Amino acid sequence: MQNKASRSKGLWIGIIVVVIAAIAVVLLHNNGKSSGSSSKVQTIKVGSGNDAQPFAYLDKSGKPVGMDIALIQAMLISQ
C-alpha cells in the first residue's frame with residue numbers, strides 16, 4: 001500500500017510531464033515555414049498501397065482502384 005507522500009510525488013511528476021508536453025506543443029506549433037503566398041490553395045498528400053483487396057488494388061489496365069482510392073477521390077471532389 002502506498003503512503004500519501006509517494007502518491008503526491010507521483011501526482012507532481014505527472015503534472016510536470018503534462019506541463020512540459022504542453023509547452024513543447026506551443027513552442028513547436030508555429031515552427032514550420034509558411035508558403036508566403038496569398039492563394040488559398042492547399043496541397044494534401046495522401047498515400048495508399050495496392051496489395052490489400054478490397055481496399056486498394058490494380059485493375060486490368062493497371063490503374064489503382066478500391067475502397068481507399070474511392071475515398072481519396074471522394075475527398076478531392078468534395079473540396
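This report describes the fold, surface and two residues of a predicted model.

## Basis of the model

Residues are numbered from 1 along each chain as its sequence is written, and side-chain values use heavy atoms, with hydrogens and water left out. In this predicted model, local features need pLDDT of at least 70 and side-chain atom pairs count only at pLDDT 80 or more, while totals for chains, interfaces and linings use all residues.

## Fold and surface

The protein has two helices and two strands, in the order α-β-β-α along the sequence. Helices (H or I, at least four residues) and strands (E, at least two) are DSSP runs, numbered from the N terminus.

Of the 79 residues, 4% count as buried (under 20% relative accessible area; exposed is over 50%, partly exposed in between; 1.4 Å probe, protein chains only). The accessible surface is about 7,500 Å², with 63% belonging to carbon and sulfur atoms (Shrake-Rupley method, 1.4 Å probe; for residues, only the protein chains shown count as cover).

## Leu28

Leu28 belongs to helix α1, residues 4-29. Leu28 is exposed, at a relative accessible area of 56%.

## Gln53

Gln53 sits in the loop between α1 and β1 (57-58) and is exposed, with a relative accessible area of 61%. Twelve residues separate Gln53 from Val65 in sequence, and their C-alpha atoms are 9.4 Å apart in space.
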